[in-house]
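Q: Please look at the structure shown below. On what grounds are its parts given the names that are used for them?

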Amino acid sequence: MFIEPNISGERRGSIEVICGSMFSGKTEELIRRLKRARIANLRVEIFKPKIDTRYHEQQIVSHDENAILSTPIESAQTILLLASDVDVVGIDEAQFFDDQLPDVCDQLAWRGVRVIIAGLDMDYTAKPFGQMPNLLAKADYITKLHAICVKCGNIANYSYRKVINPTQLMLGEKDIYEPRCRKCYYEGK
Ligand SMILES: Nc1ncnc2c1ncn2[C@@H]1O[C@H](COP(=O)(O)OP(=O)(O)O)[C@@H](O)[C@H]1O
Ligand SMILES: Cc1cn([C@H]2C[C@H](O)[C@@H](COP(=O)(O)O)O2)c(=O)[nH]c1=O
Ligand SMILES: [Zn+2]
């Protein structure tokens with residue numbers, strides 16, 4: 001489990017990235033860290049991409065219905081405007097943000113903000129997703145989570161798309177995606 005190196009002492013900027021496949025627990029881990037920051041009386045702002053309206057317009061919601069209020073935004077630069085006076089910034093579904101996100105996170109960290117990002121490291125074709133590789137390169141701390149393969153019960157690293165649709169962006173849940181291990185992912189291709 002991730003233990004914060006310095007939760008309420010001297011303010012030091014940092015970038016934490018939580019990555020993994022769908023259903024690996026990224027959103028739950030993001031919510032856990034953000035709730036602990038609030039318990040430590042830190043000022044917390046939370047953002048998600050406006051396009052992600054799967055469960056709720058404004059909340060970040062995990063597959064287990066754990067939730068926290070967030071601000072839906074269209075562009076990464078908006079974070080700099082809305083998080084001018086905070087200690088901690090949380091960002092969910094980071095793979096959907098534009099190419100300004102790594103620079104925005106860097107700027108926040110240089111200002112002393114703790115930035116916690118959750119996102120899919122790979123898309124359904126197993127290619128790096130959006131800005132996630134650049135965020136991982138800039139991160140001070142990386143947590144890679146794993147789901148359970150629905151086919152064999154092993155550790156799952158891949159998000160297998162069950163329907164035919166060649167576009168990278170396709171919001172969905174268990175009706176469209178299932179987590180699979182390396183062997184079961186390649187058998188399904
Ligand atoms: N195949 C699976 N492997 C692991 N967790 C699963 C699976 N199917 C459903 N879940 C549920 O999904 C939860 C994780 O949800 P969430 O944090 O929203 O994941 P993510 O943000 O990575 O998609 C788990 O705690 C578990 O209850
Ligand atoms: C693999 C993959 C996923 N998506 C979409 C599907 C979901 O709406 C989100 C991921 O949500 P989670 O919190 O990680 O469960 O992303 C997509 O658009 N394209 C893909 O290749
Ligand atoms: Zn498997």
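A: Helices and strands are DSSP runs numbered from the N terminus: a helix is a run of H or I with at least four residues, and a strand is a run of E with at least two. This is a predicted model, in which local features need pLDDT of at least 70 and side-chain atom pairs count only at pLDDT 80 or more, while totals for chains, interfaces and linings use all residues. Residues are numbered from 1 along each chain as its sequence is written, with chains lettered from A and ligands numbered from 1 in the order in which they are written.

Q: Where is Cys-152 placed, and why does it count as partly exposed?
A: Cys-152 lies in the loop between strand 9 and strand 10. A residue is buried if 20 or more other C-beta atoms, placed from the backbone, lie within 10 Å of its own, exposed if 12 or fewer do, and partly exposed in between. Cys-152 has 13 C-beta neighbours inside 10 Å and therefore counts as partly exposed.

Q: What makes Cys-149 buried?
A: Cys-149 has 22 other C-beta atoms within 10 Å, and is therefore buried. Cys-149 is found in the loop between strand 9 and strand 10 (155–156).

Q: With which residues is Cys-152 said to be in contact, leaving aside its neighbours within four places in sequence?
A: Two residues are in contact if their C-beta atoms, placed from the backbone, lie within 7 Å. On that basis, Cys-152 is in contact with Cys-181 and Cys-184. Cys-149 has contacts with residues including Pro-179, Cys-181 and Cys-184, again leaving aside neighbours within four places in sequence.

Q: Is Tyr-177 buried or exposed?
A: Tyr-177 is buried, because 21 other C-beta atoms lie within 10 Å. Tyr-177 is found in strand 12, and the unreviewed UniProt entry covers it with the annotation "binding site". Not counting residues up to four places away in sequence, Tyr-177 touches Met-22, Ser-159 and Gly-172, among others.

Q: Why does Glu-93 count as buried?
A: Glu-93 has 22 C-beta neighbours inside 10 Å, so it counts as buried. The annotation "active site" in the unreviewed UniProt entry covers Glu-93, and its place is in the loop between strand 6 (88–91) and helix 3 (101–110). Leaving aside its neighbours within four places in sequence, Glu-93 is in contact with Lys-48, Pro-49, Asp-52 and Gly-119.

Q: What makes strand 5 (71–73) and strand 8 (141–145) the edges of the sheet?
A: Two strands pair if DSSP finds at least two bridges between them. The open sheet has six strands in the order 5-2-6-7-1-8, with parallel pairing. Strand 5 and strand 8 each have a single partner strand, so one side of each is left without a neighbour in the sheet.

Q: How do you know that strand 1 and strand 8 pair?
A: Strand 1 (residues 14–20) and strand 8 are joined in the parallel sense over five bridges. In strand 8, Ile-142 is the bridge partner of Val-17.

Q: Which residues come nearest to ligand 1?
A: A residue is near a molecule if its C-beta atom, placed from the backbone, lies within 6 Å of it. Around ligand 1 there are 15 such residues, of which Lys-26, Thr-27, Ser-62, His-63 and Ala-147 come nearest. Helix 1 gives the most to this shell, with three residues.

Terms used:
UniProt positions are given in the numbering used here, feature names are shortened, and annotations may be inferred rather than shown by experiment.
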